[in-house]
Amino acid sequence: MKKLTLSLLSLIFFIGILAGCVSESGGGSDDSGNSDGGDSGDSGSEEFSIAVVPKLVGIPYFNASEKGAERAGEELGVNVNYTGTTQADASQQVQEIENLISQDVDVIAVAPNDPASVDPVLKKAKDQGIHVMDWDTPANEVDLSVKQVDDEEFGRHMAQKLVEAMGTESGEIAILTGGLAAANLNAWIDAAKAEFDENYSGIEIVTEKIPTDEKQQVAYQKTLDLIKSYPDLKGVLAVSTPAPLGAAQAVQEEGLQDEISVVGSALPTDSKPFLEDGSLDTAVLWNPEELGYLTVALGKMLAEGEMPKDGQEIEGVGEISVVDDGKTVIMGPPQDFTKENAGDYNF
Amino acid sequence: MKLTKESILGLIALGTFILMSLIAPGFLGSNNLSNFLFQLPEFGLLALGMMVVIITGGIDLSITYVAALSGVGAALMLTNGYSIISAIVVAIIFGVACGAFNGFVVSKIGVPPILVTLGTMVLFEGVILAITKGNSISGFGDTYSLIGNGYYMGVVPLSILIFIFFAILTGVLLNKSSWGRSIYMYGNNEIATLFSGIRNSRVLMKVYLYVGLLAAISAIIMTSRYNSVKVDLGSSYLLQSVAAAVLGGTNIHGGYGKVIGTVYAVIIFQTLSNGLNLLGVHSAIVDVFIGGILILVLTLNFFSDKMKSKKESRVSSVS
């Protein structure tokens, strides 16, 4: 009996709280917005502080971009705070950004794990006069967006590299992808297909693009199947970073290095063993260190109230291009990693 | 003067708080304090749920995926144009249903909780992936976001009030209700409890239902705060919530655990990660600190328990 009264009472209390909230909280959040807007003016008098938030810390790719970001901080005289969580978890990333807002930084650059989840917190940052930008992966609520490559150019470049590696402009090829729904991978594949259609009509794509679940093991298995089903296969184009490694592994195991060419998007340290014996011909990606550097350099410009211009020369990175919307910056052409230069990189 | 485990922990919490306000710049700033209050509830609710399961001598490894699944339920309702109330109701139904499933297998079939929840963790993850295909569901509207981001009466974050409410509710249920007392009894000695005429399976079932409820509430706060839900919603809270419950003095073998201890532990974790973050400490080092404190407190607890039992045996031998 007692228990029943208790649970009833608590239920009533809970509903009471909820009811109270609906009527009151609107005014409350307005209040906080006003009071917060006031203290944005006192920052920015001396050295700018730029916070760079990666998807997570402690993996080679983001360690390399950290190096670039810190180098930019030293060379450009800005205070760089490269901070992220040890897991690629969207909620932890939001808390990280909230803490950065408390630290009164001038610019926050984020590589969102989940673009939608950072919307509210980036809006909050903007309300406090903090400049927000994204890098590596696009977010919605930003003043400036830093993209590593142009998708169209990247796809066409991979296609050209594959034809180059095959040494012939005709033959059968197959395309492996990370996942059928990944927007950036699809953009690359479409561009590559367009390149084959327009310039290399002798190239025949034997089957629809094959998903590999972002796993090296799956890519390996699918490539073995491909080799069996299409004995005349000349080339494999593999997008998403684990896929080229799996494809190369299959080619290596079958000893078909000279018959089948593999080109794809992969990091140089991972692909080095396959590049060395020719099972992977070229890995194409961008330089994450330069991406980190560029992010900080553009963050500084943003803090100074400038916007980057198309064709502008950024020291240490090169010429950048700006897309028509005026706020999306593209770092530059893709970078090739081959047998000769893969050892020079540490990402 | 005698101090209980919990009050020592309270002093440690106070100590870290004072330490951080002295050394971390901007820690006492109103902006940071409100961040602090907004970040605490989602984690606190999961830690409370975990504590209740651990008191029975079990563990719930599926807790964050239960939360994520309830979040998906709420998200589907909201994005399909249903009202906020119905979204909240659906989230709670999802949470409680997941809890019922765990509870059924643990209490009626008798499989150890760690195995059951390990299985359901993967199961729920699979269900979420099947529904969302790995993408996030987002865009819930401004009114819904007030649950996690709004202020009650313009001062206190609403979410912290929800947390305080559930902390008190958990405390009252554990200490005052007969169900709560049976949880402690069950955790101490399952067989003796059964022979004292208590239906163990019913007690356990309710425990998992309650955990499902807390996970769902936590999910509502998280989805509202992040305006988005994905398969890994709050996944990093899984082991942290076990750590918080254990740091709070809950006996991992069951039978002991207090709400206030867990609340102190959550405050300690939150203070440390927030303060060290403000100091610009690398987040890997923050993990090291939290792990270090956990080991330290657990060792202290172990020795104080040992001393106590020694003293007790000495007293009994003298008399």
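A residue is called buried here if 20 or more other C-beta atoms lie within 10 Å of its own, exposed if 12 or fewer do, and partly exposed in between, with the C-beta atoms placed from the backbone. The structure is a predicted model, in which local features need pLDDT of at least 70 and side-chain atom pairs count only at pLDDT 80 or more, while totals for chains, interfaces and linings use all residues. Residues are numbered from 1 along each chain as its sequence is written, and chains are lettered from A and ligands numbered from 1 in the order in which they are written.

A:Gly246 is buried, because 27 other C-beta atoms lie within 10 Å. A:Gly246 sits in helix α8 of chain A, which covers residues 242-254; helices (H or I, at least four residues) and strands (E, at least two) are DSSP runs, numbered from the N terminus. Two residues are in contact if their C-beta atoms, placed from the backbone, lie within 7 Å, and, leaving aside residues up to four places away in sequence, A:Gly246 touches several residues, including A:Thr212, A:Gln216, A:Tyr220 and A:Thr223. Between the C-alpha atoms of A:Gly246 and A:Leu224, which are 22 residues apart along the chain, the separation is 9.6 Å.

Chain A also holds a sheet. Seven strands form this open sheet, in the order β2-β1-β3-β4-β5-β15-β14 and with mixed pairing, where two strands pair if DSSP finds at least two bridges between them. Its edge strands are β2 (79-82) and β14 (321-322), each of which pairs on one side only. Strand β1 (residues 49-53) and strand β3 (residues 107-110) of chain A run parallel and are joined by four bridges, and A:Ala51 stands opposite A:Ile108 in β3(A). Helix α2 (residues 60-76) of chain A lies across β1 and β2, running at about 165 degrees to β2(A), whereas helix α3 (residues 90-102) lies across β1 and β3, at about 175 degrees to β1(A); axes are lines fitted to C-alpha atoms, for helices over the stretch in contact, and the angles run from 0 to 180 degrees between N-to-C directions.

Turning to chain B, its secondary structure comes to 13 helices and four strands, and 51% of its 319 residues count as buried. Its C-alpha atoms fill a box of roughly 70 × 55 × 35 Å along the principal axes. Among contacts in chain B with a separation of 6 or more, 77% come from residues 24 or more positions apart. The UniProt record, in an unreviewed entry, places the feature "transmembrane region" at several stretches of chain B, among them residues 113-131 and 207-226; the positions are given in the numbering used here, feature names are shortened, and annotations may be inferred rather than shown by experiment. Residues 113-131 of chain B are 100% helix and 0% strand, with their end C-alpha atoms 26 Å apart, and residues 207-226 of chain B are likewise 100% helix and 0% strand, with 28 Å between their end C-alpha atoms.

Finally, the two chains meet. The contact takes 40 residues from chain A and 41 residues from chain B. On the side of chain A that touches chain B, α1 (2-38), α3 and α4 (119-127) each supply at least two residues, and α1(A) gives the most, with 15 residues.
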